[in-house]
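Please look at the sequence and the structure first.

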Amino acid sequence: MQKLWWHDAIVYQVYPRSFQDSNGDGIGDLPGITARLSYLQALGINTLWLCPTFASPMVDNGYDISDYYAVNPEFGTLEDLRALIAQAQAHGIRVLLDLVLNHTSDQHAWFQSALESPSSPYRDFYIFRDGVDGGPPNNWRSNFGGSAWVQAPDGQYYLHVFAREQPDLNWENPAMRSALYEMIHWWMDQGVAGFRIDAICFIKKDQSFRDLPPDGPDGLADVAPRCLVQPGIEDFLAEMRDAAFAPRQAFTVAEANGVLPEQLQNFIGENGFFSTIFDFTYTDIDLKSGNWFDASGFTWRDMRDAIFANQASLQGVGHGAPYLENHDQMRSPNKYLKPHQRTDSAIKALGMLYFFLQGIPFVYQGQELGMGNHPWQSIDDFDDVSSRAQYEAALAYGLSEAEALAAIAHRARDNARTPMLWTDAAHAGFSTDTPWLPVHPGFPRINAEAQQQSDASIWAFYRNMLRIRREHSRLFFDGAFLPLCEDAKDVIAYERALDGTRICVYCNFSDAPLRTDLPPHTVLLSTCPQTAEAIAPLSAMMVRMR
Ligand code: NOJ
Ligand code: CA
């Protein structure tokens, strides 16, 4: 395979609203990110993914775009973004933007024109249908709860797979698709290296728009069976690859849930639709359904099976995008570890567990500090549009208010969106004024400045992981993946191998030492002092075989 720059990529994800405020309005911004590039360089990343920075009314914090060509004024100007891209390059870092192509904001000029008149050329850029029996065209439920249809003033309904302020684009319309491809080229001209691509598997809708059997007390049905990875989506994705990404050699990482192992070849194989896609099987393992209050009660064995199945499906096909956290997930120590298990060693072990899997690793802001969930007190404290919908759904399913709050507080996306913890000063050094979301109270101990000064910190451990990953970049990107210790309970262990080099990772999440009987080896990294014969409970070790 021809070597491309992104084969060595280590990606850091920034949520612009929460990374660094530079002008004291309590909201993170682009100059703030630029000011922190040295921090990212010191950690050792070489690629930076910015969650949406485009003009937006921020109903879904930028995943509702009102102008693809403009920067959201609360983040700065186009000049600020150009400066960030140039400065990042000077720090050896390439920039990825977040492409939202399934829907726009209802404030987008296309949608405003479509609403104004059914004869607007932009009407067909969206999905408008007549109602049935005085109600919406069908019983689909949006991903954020409630009917997926909203009635427009002229009587027809428009479809939204996410919030009502996020009308879905009509990919059946070639003029709409061309407009998106043109926009992608324009951003490549601004110097970005590629894109993370939002919710892309929802772009094709079953054109029959038929009802589904209701699956909840609201009488509605999840849209997924009619809107997720529908037959024919391949034509749109191949066209976009050929028209927009391939000519520019853009790196692309798609949020592509619902892709089956047998479809991976098309998606990420040789000349696939994307460079890589995220796997949800082990990051959503705590959920039984799409509802945050529906906990799966997973075990470490379930987790191991999910990771191993994903790694097996990639072998000889394409490359994965291992990650532990993102802006849609709760913090990983809270998800994977019980309260008494949340030690620095165990949090480092979680890092080691995923970071050396096959593909391109991603780190989400604050993960490298071991940030935890926020101690939420009231449903009114949440900003996220989907938290309120989940709360209402939980009540409708019969949970008490206290139970619903506990479930939402545990899983809420805002857990990942509280401000980055920089120092032990006021507002954790994020802003000089009160931030838009509360600062995690753990900041006097959990902050970047303190952790950068200690060799024993989670930050220092991440820096070491990144160094090792860079030193053996080909082995970790491309090498074989072999399961180890499959009989050991609450242990996830694997070997990566390439051209005679063998590196083994042992993660012990049990409460007993893991007996090892290793052939001659060198310890590359360990989460706590280990003896030669055993790996302590809630810790991990990585060795190279001699
Ligand atoms: C996935 C994004 O990651 C999430 O934050 C957003 O709410 C939805 N797609 C809708 O764009
Ligand atoms: Ca600001």
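This is a predicted model: local features need pLDDT of at least 70, side-chain atom pairs count only at pLDDT 80 or more; totals for chains, interfaces and linings use all residues.

Residues are numbered from 1 along each chain as its sequence is written, and side-chain values use heavy atoms, with hydrogens and water left out.

**The whole protein**

The protein contains 16 helices and 21 strands; these are DSSP runs numbered from the N terminus, with helices (H or I) of at least four residues and strands (E) of at least two. Its C-alpha trace spans about 75 × 50 × 50 Å along the principal axes.

Of the 546 residues, 60% are buried, where buried means under 20% relative accessible area, exposed over 50% and partly exposed in between, with a 1.4 Å probe and protein chains only. Contact means heavy atoms within 4.5 Å. Among contacts between residues at least 6 apart in sequence, 69% join residues at least 24 apart.

**Helix H15**

Helix H15 covers residues 458–471, which is 14 residues. From first C-alpha to last the helix reaches 20 Å, close to the 20 Å expected at 1.5 Å a residue; the expected span is 1.5 Å times one less than the number of residues. Buried residues of H15 include Trp-459, Phe-461, Tyr-462, Met-465 and Arg-469.

**Two buried residues**

Arg-496 lies in strand S16 (residues 491–498). Because its relative accessibility is 0%, Arg-496 counts as buried. His-91 sits in the loop between helix H3 (78–90) and strand S5 (94–100). With a relative accessible area of 17%, His-91 is buried too.

The table pairs each of these residues with another residue of the chain.

| Pair | Separation in sequence | C-alpha to C-alpha |
|---|---|---|
| Arg-496 and Asp-478 | 18 residues | 9.0 Å |
| His-91 and Leu-40 | 51 residues | 8.7 Å |

Which residues is His-91 in contact with, leaving aside its neighbours within four places in sequence? They are Leu-37, Ser-38 and Gln-41.

Methods:
Chains are lettered from A and ligands numbered from 1 in the order in which they are written.
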